[in-house]
Amino acid sequence: MNVLLNAQSTPIDSERVLQKFLDKHAGNGPFAVAINEQFIPKTDYTNTLLNDGDRIDVVSPMQGG
Amino acid sequence: MSDTIFSANEWLRYSRHIQLSSFGADGQIKLKQSRVLMIGSGGLGAPVSLYLAAAGVGHITLVDDDDVDLSNLQRQIIFSVEDIGKSKVFSAKKRLLGLNPEIEIDAINQYFSIELALKLGDNFDLVIDCTDNFSTRYLINDYCLKNRLPWIYASIHQYSGQCALFVPTNKHADNNESNACFRCVFPDAPEDAQDCNSAGVIGVLPGMLGLFQANEALKLLSGLPTPLKNHLMLFDAKHLTLQKITLKASTGCLCQKATINLEQSTAPQVTCASTTADNSLTPDRFNLRRDDDNTAVIDVRSISEHQGFHIGGTHIPLDQLGERADELSPTVTHLCYCQSGKRSEKAVKLLLEKGFKAENLDGGLANWLKHAKDNNQI
């Protein structure tokens, strides 16, 4: 099973929980997450399951202006 | 003639809006009666304020405590060479009234603080975030939640930008609407985020993001649909991609609370300037220290930055400093510099850990050049 993480094809191991996926692939630092262009609040990471072909965007905040 | 909403000049000035389908005289009247609070008069603020003023937004309040700097002119197109060293909001006001004398501009030459937020009150139709730091954005968020004001967020970094229209949910309405706020999306700010000064930004980017903000602002104020409401737009100017993410409120977020206490508004503490430590040098002190026999200057920037301009010293990029430390003398103090003082601060830390003596040019080459220019040394 694969997902698109910031447009890069990324395999998911047996673990489909979003929190575990982020722990492995997203690194540190604050970010916002969207699955198929729907924002997932941080409080939902542990109860969100990934599906094959999901498009996951990990978005870092930026402060310039 | 005197009983009309617009003067003859205004009617002529706004004729392209008045002719525009689904905008028309009705939309233009709404713009004239609108009050917009713009926080920040820099890269984003320049295009947003120029277009809102040109479009005929009746009342614009500008808030910024910064002065115009030569390095702003690469992207802050509202300013000219003669504005350098002058207040951004006062320079902007002059330029905007030159563009459209039919509107009113309030220029507040202050930082957007909790005190100022309380003093400004809620007499606005829209707030536009054109700031360059996280802490002000969290305060804008809380200010808009408290006063139930819509606000348009944008931020930029190198080649990419983000934009969103946050509309605080009316908790007394029974439409079950639950819009996200900025804290829902980014509950934490990074500790070590770079701003435009240290990370760089392509000059057109604030123009592009600013015009997305201005576009949503004009639609919202004139009563047209605003598809950015409760969405986060991601724009990449390098690959020319645009994405729109649908937001939703986060359980337990501040925006879900019945009352918002602005006096207690806090944000993760992020400072744009590099931290001042015992081993940091002002430009004057750096100039004195570099003449000492027991010091050596190191430029820790990239090769292209060094080739582009430097003020002497050995060139060792920060990412090579660890492996090339054996080239350095253990007896002298190494005076490190970069563009903004952030990379050189890391270089100093690294050298100190390896047992060398090192000091940092605070504020980097940018600060050194500004200081030299102010003192007519260059």
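A polar contact is a pair of N or O atoms within 3.5 Å; within protein, one must be able to donate a hydrogen and the other to accept it, and residues adjacent in sequence count only if both atoms are side-chain atoms. By that rule, 13 residue pairs are in polar contact across the interface of chain A and chain B, both residues being at pLDDT 80 or more. The model is predicted.

**The side of chain A**

Three elements of chain A give two or more residues to the side that touches chain B: strand 3 (32-35), strand 4 (38-40) and strand 5 (55-59). Strand 5 of chain A supplies the largest share, 3 residues. By class, this side of chain A has 9 nonpolar, 6 polar and 5 charged residues.

**The interface as a whole**

The size of an interface is often given as the accessible area lost when the parts come together. Here chain A and chain B bury about 2,300 Å² between them. Carbon and sulfur atoms carry 58% of that buried area. The contact draws 20 residues from chain A and 40 residues from chain B.

Salt bridges also cross the interface; the rule finds 2. In one salt bridge, the side chain of Lys42(A) meets that of Asp188(B), at 2.8 Å from N to O.

**Chain B**

Chain B holds 15 helices and 13 strands. The table gives overall values for this chain.

| Property of chain B | Value |
|---|---|
| Span of the C-alpha trace along its principal axes | about 80 × 50 × 40 Å |
| Residues that count as buried | 51% of 378 residues |

**A residue in a loop: Leu149(B)**

Leu149(B) sits in the loop between helix 7 (134-147) and strand 5 (151-157) of chain B.

Which residues does Leu149(B) touch, leaving aside neighbours within four places in sequence? Leu149(B) is in contact with Asp122(B), Phe124(B), Val127(B), Tyr143(B), Cys144(B), Phe166(B) and Pro168(B).

Gly27(B) gives a reference point in the chain. Leu149(B) and Gly27(B) are 122 residues apart in sequence. In space, their C-alpha atoms are 20 Å apart.

Definitions and conventions:
Residues are numbered from 1 along each chain as its sequence is written. Chains are lettered from A and ligands numbered from 1 in the order in which they are written. This is a predicted model: local features need pLDDT of at least 70, side-chain atom pairs count only at pLDDT 80 or more; totals for chains, interfaces and linings use all residues. Side-chain values use heavy atoms; hydrogens and water are left out. Helices (H or I, at least four residues) and strands (E, at least two) are DSSP runs, numbered from the N terminus. Contact means heavy atoms within 4.5 Å. Buried area is the accessible area (1.4 Å probe) that two parts lose on being put together, summed over both. A salt bridge is a side-chain nitrogen of Lys or Arg within 4 Å of a carboxyl oxygen of Asp or Glu. Ala, Val, Leu, Ile, Met, Phe, Trp, Tyr, Cys and Pro count as nonpolar, Asp, Glu, Lys and Arg as charged, and the others, Gly among them, as polar. Buried means under 20% relative accessible area, exposed over 50%, partly exposed in between (1.4 Å probe, protein chains only).
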